[in-house]
Amino acid sequence: GSLLESTFSIDKHATKMTRMTKAMSGHTQIMDDKPEAGASCIPLVSSATSASANDEQAMLEAGALTPDLASFPPMPLPDVKVMRAEAVKGIALVLSIIVLCVGLPHIFAFTVGGVPGTAWWVALGLLYFESTVALICLAGLIFGDPGVVGRSPTSCFPMPDEVKQRLAVAASMEDLRNITDESGATYCVRCLLWRPPPSSKRRPHHCRTCNRCVVHFDHHCGVFGRCIAGTWRSGNLPYFFLLIAMGAWGPLTCFGSILASVSIHFGGWQAALVVVSVLLLWALASCCGCLWVGLRQLLLNRWASGQSSLLEAQLEACVRAIRHKCTRTCTRSSS
């Protein structure tokens, strides 16, 4: 009897082990069918889910399969190091101008004699108002959205066939140029989305520093490390122009209050004009330097983007004409 019981127990354990082995083999087969972790291939969405591998390849070549939006590769990374360095310079510049414009009138008021009565409070209120507006514009410029084109079913589809095939096999997009359709809209192969067609008021562009497509692109500001784009009602372009306006009105208010302080202390406008003239010359030189740097950066960005204005095209034509004449002169003299 004990022999029969032990035999029955052995058979029972053997049956259980067989079932476990079958279950583990089936699970292993399922795991083997899954893609490896880190694979960059894009899952394809199609109604023919039971199609064979040959049928899927044929449909892929025909452009019938479409990549899933949720499985797109991540957006290209911006050059954070450059953007952060540029933003630090811009913030330091704005804060320095605010400190000078607000601090200098206080220094002259308490050391030289000040502006008595209502004029002092008007100048002080204007300085603090302009400084507050400048800080708000600086925050909007740094943290605001310039008009980046985001991924959505509307902007990403329909996908060009060549891009679709490369995504399916995880091929590189480096040698692929942007694609333009009949309406003039361009497909950015870096952001994998459609940009609206350009017009007189709209200039879509992919910024190489921010690595984003922006609709109303004007330029990438090397001072604040942000794309300057938008219209008068959208983007960060209003913040940019208003910040420049505050940068002009603030020093004027500052110099006006200093002029009044010095004139009251010396009892006349002659000595005050000498002091303020020196300050104005310094401000004029600084403004000319900033204007030259900004204009140079704007022209470089326009030339780099391949969208030159009429003036830039005329300058290029003049340079080519001068080179041509120099070449002909050298050729004649040598002959």
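Reader: In which loop is alanine 170 found?
Author: Quick heads-up: this is a predicted model, where local features need pLDDT of at least 70, side-chain atom pairs count only at pLDDT 80 or more, and totals for chains, interfaces and linings use all residues. Residues are numbered from 1 along each chain as its sequence is written, and side-chain values use heavy atoms, leaving out hydrogens and water. Helices (H or I, at least four residues) and strands (E, at least two) are DSSP runs numbered from the N terminus. Alanine 170 is in the loop between helix 6 and strand 3 (179-180).

Reader: What is the phi of alanine 170?
Author: Most residues other than glycine have a negative phi. Alanine 170 isn't a glycine, yet its phi is positive, at about 60°.

Reader: Is alanine 170 buried, partly exposed or exposed?
Author: Buried means under 20% relative accessible area and exposed over 50%, with partly exposed in between (1.4 Å probe, protein chains only). The relative accessible area of alanine 170 is 33%, so alanine 170 is partly exposed.

Reader: And leucine 192, is that one buried or exposed?
Author: Leucine 192 sits in the loop between strand 4 (186-188) and strand 5 (193-195). Leucine 192 is no glycine either, but has a positive phi of about 60°. Its relative accessibility is 4%, so leucine 192 counts as buried.

Reader: Which kind of peptide bond runs from phenylalanine 157 to proline 158, cis or trans?
Author: Most peptide bonds are trans. Proline 158 has its place in the loop between helix 5 (153-156) and helix 6 (161-168). From phenylalanine 157 to proline 158, omega is near 0° and the bond is cis.

Reader: Which residues does isoleucine 142 touch, not counting residues up to four places away in sequence?
Author: Isoleucine 142 lies in helix 4 (residues 118-143) and counts as buried because its relative accessibility is 10%. Phenylalanine 224 is 82 residues apart from isoleucine 142 in sequence, but 7.2 Å apart in space, C-alpha to C-alpha. With contact meaning heavy atoms within 4.5 Å, isoleucine 142 touches Ala87, Phe224 and Arg226.

Reader: How do helix 3 and helix 4 run, roughly parallel or roughly antiparallel?
Author: Residues of helix 3, including Ala87, Ile91 and Val94, meet residues of helix 4, among them Leu135, Leu138 and Ile142. The axes of helix 3 (residues 80-111) and helix 4 come within 11 Å and cross at roughly 175°; axes are lines fitted to C-alpha atoms over the stretch in contact, and angles run from 0 to 180 degrees between N-to-C directions. Under 35 degrees counts as roughly parallel, over 145 as roughly antiparallel, 65 to 115 as roughly perpendicular and the rest as oblique. So helix 3 and helix 4 are roughly antiparallel.
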